[in-house]
2 protein chains.
Amino acid sequence: MTLSGQVWGDGPAASANPDVFLTPWKDFRPPSGPFEDHTGAVFDGVKRVFVGRPLHSDRMEGTLLPKRVALAVFCSDPISSVAYATEQILLVLAAGGLAALATAPWVALAVILLLVTVVASYRQTCYAYPNGGGAYVVSRENLGEAASLAAAAALLVDYVMTVAVSVTSGVVAVTSAIPALSPHAVIIAVGLIVLLTVANLRGTRESGRVFAVPTYAFVGLTLLMFVWAGVRAFTGGLPEAVTAADPLPQPGQLTSLALLILVVRAFASGCTALTGVEAISNGVPSFERPKARNAATTLAMMGVIAVVLFGGITVLAVAMHAQALPDGNPSVISQIAAAVFGGSSVVFYLFQAATAAILILAANTAFNGFPGLASILARDSYLPRQLHNRGDRLVFSNGVVLLAAAAAALIIGFDANIDRLIQLYIVGVFTSFTLSQFGMVKHWQTLLRRHPEQGTPDTVTGTSGIGGGTRRSMRRSQAINAIGAVFTAVVLVVVFATKVTHGAWIAVAAMIVLFLTMRSINRYYTRVTIEVAADDEELQTLPSRVHALVLVSRLHRPAMQALALARGLRPDVISAVTLAVDADETRLLRQEWESRGIPVQLTMLEAPYRDPIRPLINYVKDLRRGNPRTVIMVVIPEYVVTHWWQQILHNQSALRFKARLLFTPGVVVVSVPYHLGVGEEGWMGRRRREPEPEPEIM
Amino acid sequence: MTLSGQVWGDGPAASANPDVFLTPWKDFRPPSGPFEDHTGAVFDGVKRVFVGRPLHSDRMEGTLLPKRVALAVFCSDPISSVAYATEQILLVLAAGGLAALATAPWVALAVILLLVTVVASYRQTCYAYPNGGGAYVVSRENLGEAASLAAAAALLVDYVMTVAVSVTSGVVAVTSAIPALSPHAVIIAVGLIVLLTVANLRGTRESGRVFAVPTYAFVGLTLLMFVWAGVRAFTGGLPEAVTAADPLPQPGQLTSLALLILVVRAFASGCTALTGVEAISNGVPSFERPKARNAATTLAMMGVIAVVLFGGITVLAVAMHAQALPDGNPSVISQIAAAVFGGSSVVFYLFQAATAAILILAANTAFNGFPGLASILARDSYLPRQLHNRGDRLVFSNGVVLLAAAAAALIIGFDANIDRLIQLYIVGVFTSFTLSQFGMVKHWQTLLRRHPEQGTPDTVTGTSGIGGGTRRSMRRSQAINAIGAVFTAVVLVVVFATKVTHGAWIAVAAMIVLFLTMRSINRYYTRVTIEVAADDEELQTLPSRVHALVLVSRLHRPAMQALALARGLRPDVISAVTLAVDADETRLLRQEWESRGIPVQLTMLEAPYRDPIRPLINYVKDLRRGNPRTVIMVVIPEYVVTHWWQQILHNQSALRFKARLLFTPGVVVVSVPYHLGVGEEGWMGRRRREPEPEPEIM
């Protein structure tokens with residue numbers, strides 16, 4: 001990789017024979033060396049404590065996840081959503097009285113059917129897109145820009161909702177066990193988001209380990225609850241839930257239509273059980289090899305766990321006559337646990353703790369997904385570039401912080417009310433599901449058209465996965481995805497129709513705004529790309545004339561240093577300017593200039609309104625008038641102090657000059673720092689000892 | 001003044017014959033031209049509305065004041081303080097019951113005697129220091145640095161107190177008439193300070209006119225009140241004040257010592273009548289010519305008015321048995337006015353309005369004094385230089401804003417409680433009085449020693465003022481100042497002793513902190529002056545070698561422009577560096593660099609921790625190792641956008657590079673802006689139309 005060569009400008013040969021000169025340079029010093037500025041050092045110290053030492057880019061591979069960890073990292077969202085999905089169904093059906101509540105098992109069955117379909121559908125995606133097949137990528141490749149941006153907008157909104165809803169539900173699990181904490185729900189929720197943010201800024205692998213414990217604890221304890229309930233059902237009879245005796249609404253005789261509407265609305269609410277299913281298909285590259293197979297297997301495991309838990313909880317809720325309360329406190333799942341384990345038993349509190357933990361950590365799915373998607377969108381020029389930068393710990397830090405801020409704002413804005421928040425949630429989920437599944441149908445179609453003959457496994461799906469990638473297996477995959485697409489499209493319509501007036505319009509509006517913003521950003525970047533594209537000719541377009549203009553306020557060492565540098569640069573023209581704001585000081589400078597015989601022309605710009613910047617800019621514009629290819633190089637001497645408070649004792653005029661000159665075309669600013677207190681290190685070696693009467697600070 | 005000459009660098013003669021080249025340049029454009037950056041334009045627009053158009057420095061002379069305006073500008077403070085001085089005396093004496101209250105006229109007489117002495121004393125200062133003889137200037141010239149800084153600290157604290165106390169008293173006058181406004185006192189007071197700040201930022205002369213009306217209205221209405229009261233006393237008898245029948249404290253038999261202490265404390269409180277007397281001696285340069293004589297005359301007028309008003313109000317208060325209330329609401333002066341004019345008469349409300357107005361505007365004395373003194377202290381290197389800048393309207397804007405902020409903080413901190421605030425007040429006043437008078441005694445002593453013979457008027461006092469400046473008149477002046485010095489010194493001791501435990505310690509502590517801060521600032525500036533003093537040799541100390549280092553991330557036009565500029569500058573060495581954060585981008589850049597055959601060495605700095613700045617700084621330090629007189633000129637291409645929000649779409653890495661490189665010794669930063677959307681105006685003329693696939697934004 002090393003191509004050593006002559007340095008340009010060192011000898012006459014350089015311009016005559018323009019060879020290619022490329023050298024790599026490697027720094028072996030540790031990344032946290034001493035800082036020159038104290039402010040930087042303090043900030044760096046604080047960051048180290050919370051985020052940890054920077055990681056080397058080589059350690060990217062080290063963040064790959066084994067299946068058992070991946071299940072916890074990617075599936076805490078769909079698994080944890082069983083904690084509130086049953087409750088959402090019961091809450092809607094309760095309005096229809098006993099007759100409506102009787103349909104609850106059937107509604108739950110429909111949700112389970114949908115879940116199985118979607119899981120099966122996404123398993124196809126894992127094989128087809130081993131580099132990550134999120135809804136955005138699949139739509140972009142198969143359905144075009146508009147669909148992909150719609151999917152991306154839906155996903156981004158959904159990730160924010162996942163954090164807000166999961167954390168809020170987690171707090172409800174805590175307040176169900178400890179009611180005294182209820183008034184502080186918002187503060188607790190925001191505090192948890194901060195903790196999650198810090199954990200995620202430290203990196204994926206470490207947070208994966210943290211998250212494995214509560215996920216498996218929740219699954220284990222729920223299964224234990226099922227067994228325990230089964231034993232009690234056979235021995236002494238199943239206990240009733242604490243709300244079993246509460247009066248039900250008596251809506252009179254329900255019409256069939258009204259009942260149907262209720263059932264459909266309950267189904268739409270139950271679909272929250274599906275949120276987060278797509279996370280694994282997005283995260284295939286994070287899996288250990290073979291990535292696609294491991295991902296598909298993990299997805300199937302997740303599906304089995306979710307179906308068992310959701311089904312079991314619904315059965316118990318119906319059998320124990322648990323009722324959903326409007327404020328969600330205590331939650332249905334906690335009523336069941338309290339009845340089965342005993343409301344003051346240790347196991348009950350353990351169960352509540354595990355529920356709270358998995359719900360809060362479910363937000364982690366979004367902390368993996370959002371920054372990753374934002375980074376892809378940034379790479380594709382749909383979001384600001386900064387979202388594509390990996391931070392000290394190899395995560396996309398800006399995305400993590402952005403997600404946390406948006407979710408915290410949402411929780412504060414909705415006062416941590418879970419039932420209002422959840423209304424905004426699943427429109428986005430099913431938008432991306434639908435687009436993704438239709439994209440997959442198209443994907444198989446394209447592949448089938450491209451390979452009319454029996455394809456080899458590897459060229460078709462990029463893996464040696466199940467089905468062998470033959471035309472038959474492709475058709476089977478396409479069929480699965482088609483079913484998924486139709487199912488999710490229907491559910492999207494249902495969800496939209498039943499929820500848009502209950503708050504989902506906010507989520508829809510956010511998606512539209514995001515969609516339009518991303519398109520505008522892309523157009524802006526494209527315009528810039530066109531504008532800044534360079535060709536070979538431009539390499540020769542040197543400025544026709546460089547005029548160095550040294551800003552001088554008094555003849556002190558910083559000014560001398562700036563003059564010396566300007567002379568050392570040998571520009572075509574060199575002159576000095578001073579802004580005549582104070583008549584006495586200008587006279588003094590003029591006298592000293594004359595008596596020292598400085599061989600540079602000094603122009604005194606009158607500044608009768610005492611603003612030094614505007615006359616300078618007008619003067620510079622005058623100099624360039626008629627010579628558009630002249631470059632004015634404004635040389636500004638600048639004090640650099642050793643302590644931040646010393647900054648107060650110096651005018652900030654250098655900073656103001658630089659800021660305003662940046663906007664003046666044809667001007668290049670050279671700032672020549674003078675380091676107070678470390679004068680020896682500059683190129684002007686000695687320090688003097690004799691004082692002068694009046695210091696001038698610029 | 002024009003010395004036209006050859007520009008250095010234009011011909012070979014320049015360095016051989018170092019003539020002096022000095023040219024003035026005058027810009028005839030209006031000061032509010034178009035802005036290149038939108039943020040600047042918005043800020044400028046807002047400023048114009050509140051502060052007005054910038055004034056030309058030539059209009060400094062235009063702000064001179066005739067006597068009748070000067071009286072209002074400088075004397076609203078001492079004249080208005082009669083509105084609360086009597087009340088402060090009565091408040092203290094009331095604790096001693098009837099026996100103590102009987103001494104009130106004698107206490108008032110003592111205050112009047114002191115007032116006359118101080119006025120006479122300051123008249124000498126007006127003649128001796130026609131360029132302004134504030135306590136700081138007089139102490140500095142005659143008593144040395146420590147005394148002058150003590151005086152300055154006292155004055156600065158006092159100006160802040162003047163604003164806080166006057167505005168708060170003015171609000172009390174309002175709430176005495178309209179009690180419903182009492183709960184909003186703090187907000188009203190802060191609002192008034194904001195109004196005063198804006199008025200003063202617009203300039204002295206305009207505010208002088210505004211302030212003449214209430215001052216003369218207050219004086220006229222108070223005299224009318226005296227006449228009216230006199231007429232009623234002779235016709236039907238003087239009415240009683242509303243509080244006349246309130247029960248007095250019955251302290252039993254007072255010992256003589258206790259009575260004496262009460263009387264002394266009452267005297268100390270009554271001395272608030274003297275605050276602001278020094279303002280005229282400070283403001284002599286603002287008077288119309290002959291400045292010293294006009295100032296002395298105005299001071300005498302002020303003395304007469306203050307004595308008449310203070311004496312009259314005290315006589316009426318005693319005669320009408322008005323009592324001071326602990327919360328100061330209604331005030332003694334408003335009780336008298338209500339009784340004399342009738343509590344619901346139009347004249348009473350007019351009187352209250354005039355009282356409120358003059359009290360609030362008394363703060364204007366401080367708005368004249370504080371910024372002026374701060375500017376002198378800044379000129380003398382005791383305060384930050386920014387306080388010496390005149391703003392758009394020729395006033396020292398930074399000082400105005402600083403004063404307003406400090407006073408507002410004080411009012412908020414003390415909850416607009418006048419009786420607590422006033423305790424902090426007069427220690428500072430008498431500190432500066434005493435130092436100033438002792439300084440004057442020393443001044444005359446010095447003059448008498450220097451002129452053992454009969455001096456001519458002009459050489460001795462700089463004026464042809466009263467007394468003719470003979471040795472006899474000098475001795476007379478010295479005697480007057482000596483009496484003033486002894487009186488004020490005694491009062492200072494009394495005031496300190498009686499008030500230090502009542503809150504004055506805060507003012508004393510503030511003075512000590514200010515004193516130490518000003519000394520530290522002076523030492524810092526002196527150290528800097530010594531460090532930056534340049535001699536002729538240094539003019540020849542050119543950098544031994546300039547190494548231009550162009551930062552490149554991709555070969556777009558901004559980078560090309562930066563490379564072209566660097567080549568146009570013909571440094572000793574030129575090379576390019578790129579930070580290898582993203583492996584793909586680095587490979588792309590390398591390929592393009594090779595294929596275009598760019599004749600500059602490209603070094604790829606590895607940035608394995610993805611922070612691009614530290615490797616660059618380490619690289620630069622490596623380049624300079626062993627060559628301390630080599631200057632590394634880092635050339636940074638920079639995007640400049642047309643709308644502020646576009647900034648979000650570009651990495652701020654240029655800004656971060658510049659900020660960190662500023663602290664690296666031996667480095668000079670050249671920022672080469674590329675103006676997006678106005679490419680034609682740069683020195684690289686054309687724009688291209690063909691898009692490139694992937695824009696890279698730095």
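Which residue takes a positive phi just after helix 15 of chain B? In this predicted model, the residue is B:Ser381, and its phi is about 70 degrees.

## Helix 15 of chain B

Helix 15 of chain B has 34 residues, and at 1.5 Å a residue these should span 50 Å, a value that agrees with the 50 Å between its end C-alpha atoms. Of these 34 residues, 25 are buried, so helix 15 of chain B is largely enclosed by the rest of the structure.

## Aromatic pairs

Over all chains, the count of aromatic pairs comes to 16. One of them joins B:Phe341 and B:Phe351, whose ring centres lie 6.1 Å apart and whose planes make an angle of 55 degrees, an arrangement described as tilted. The pair links distant parts of the chain, since B:Phe341 belongs to helix 14 (residues 332–341) of chain B and B:Phe351 to helix 15 (residues 346–379) of chain B, with the two residues ten apart. Both B:Phe341 and B:Phe351 are buried.

In chain A, ring pairs link A:Phe218, A:Trp228, A:Phe341 and A:Phe351 into a cluster.

## Helix 22 of chain A

Helix 22 of chain A covers residues 557–568, and its twelve residues should span 16 Å at 1.5 Å a residue, which agrees with the 16 Å that separates its end C-alpha atoms. Twelve of the twelve residues are buried, so helix 22 of chain A is largely enclosed by the rest of the structure. The buried residues include A:Arg557 and A:Arg567, along with A:Met560, A:Leu563 and A:Leu565. Just after helix 22 of chain A comes A:Arg570, which takes a positive phi of about 50 degrees.

## Two helices packed together in chain A

Helix 6 (residues 104–128) of chain A packs against helix 13 (residues 291–319) of chain A with their axes 9 Å apart and at an angle of about 175 degrees. Because angles over 145 degrees count as roughly antiparallel, helix 6 of chain A is described as roughly antiparallel to helix 13 of chain A. The residues of this contact divide into 21 nonpolar, four polar and two charged.

## A serine in helix 20 of chain B

B:Ser477 has its place in helix 20 (residues 471–499) of chain B. Is B:Ser477 buried or exposed? Its relative accessibility is 8%, and because buried means under 20%, B:Ser477 counts as buried. When its neighbours within four places in sequence are left aside, B:Ser477 is in contact with B:Gln124 and B:Trp444.

Methods
Residues are numbered from 1 along each chain as its sequence is written. Chains are lettered from A and ligands numbered from 1 in the order in which they are written. This is a predicted model: local features need pLDDT of at least 70, side-chain atom pairs count only at pLDDT 80 or more; totals for chains, interfaces and linings use all residues. Side-chain values use heavy atoms; hydrogens and water are left out. Helices (H or I, at least four residues) and strands (E, at least two) are DSSP runs, numbered from the N terminus. The expected span of a helix is 1.5 Å times one less than its number of residues. Buried means under 20% relative accessible area, exposed over 50%, partly exposed in between (1.4 Å probe, protein chains only). Contact means heavy atoms within 4.5 Å. Axes are lines fitted to C-alpha atoms, for helices over the stretch in contact, and angles run from 0 to 180 degrees between N-to-C directions. Angles under 35 degrees count as roughly parallel, over 145 as roughly antiparallel, 65 to 115 as roughly perpendicular and the rest as oblique. Ala, Val, Leu, Ile, Met, Phe, Trp, Tyr, Cys and Pro count as nonpolar, Asp, Glu, Lys and Arg as charged, and the others, Gly among them, as polar. Rings of Phe, Tyr and Trp (its six-membered ring) pair if their centres lie within 6.5 Å; planes under 30 degrees apart count as stacked, over 60 as edge-to-face and the rest as tilted.
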